Amino acid sequence: MRLALAALALTSLTACTPTVRVEVAPINIYAKLDANVRLQLDEDVKALIQKNPNLF
């Protein structure tokens, strides 16, 4: 009888465990590159390759 009551008490305690859920909204980051920035990066990469031809 005690074993049955203990099992019933344990079952009732585990059935009422609280649940916490955390949701994180997705973050969208948009980056717009200006034509001047692209040109500068292209020139920098060309200069880097010329200084280090065995880089790739």
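Predicted model: local features only at pLDDT ≥ 70, side-chain atom pairs only at ≥ 80, totals over all residues.
How many helices and how many strands are there in the chain? There are two helices and zero strands, where helices (H or I, at least four residues) and strands (E, at least two) are DSSP runs numbered from the N terminus.

Residues are numbered from 1 along each chain as its sequence is written, and side-chain values use heavy atoms, with hydrogens and water left out.

The chain has 56 residues, of which 0% count as buried, buried meaning under 20% relative accessible area, exposed over 50%, and partly exposed in between (1.4 Å probe, protein chains only). Its accessible surface comes to about 6100 Å², with 63% of that belonging to carbon and sulfur atoms; such areas come from the Shrake-Rupley method with a 1.4 Å probe, and for residues only the protein chains shown count as cover.

In the loop between α1 (2–15) and α2 we find V20, which is exposed, at a relative accessible area of 74%.

Now to the charged side chains. One salt bridge is counted, that is, a side-chain nitrogen of Lys or Arg within 4 Å of a carboxyl oxygen of Asp or Glu. K46 and D42 form a salt bridge, their closest N and O atoms lying 3.6 Å apart. Both sit in helix α2 (residues 35–51), and because they are four residues apart there, about one helical turn separates them. D42 itself is partly exposed, with a relative accessible area of 37%.
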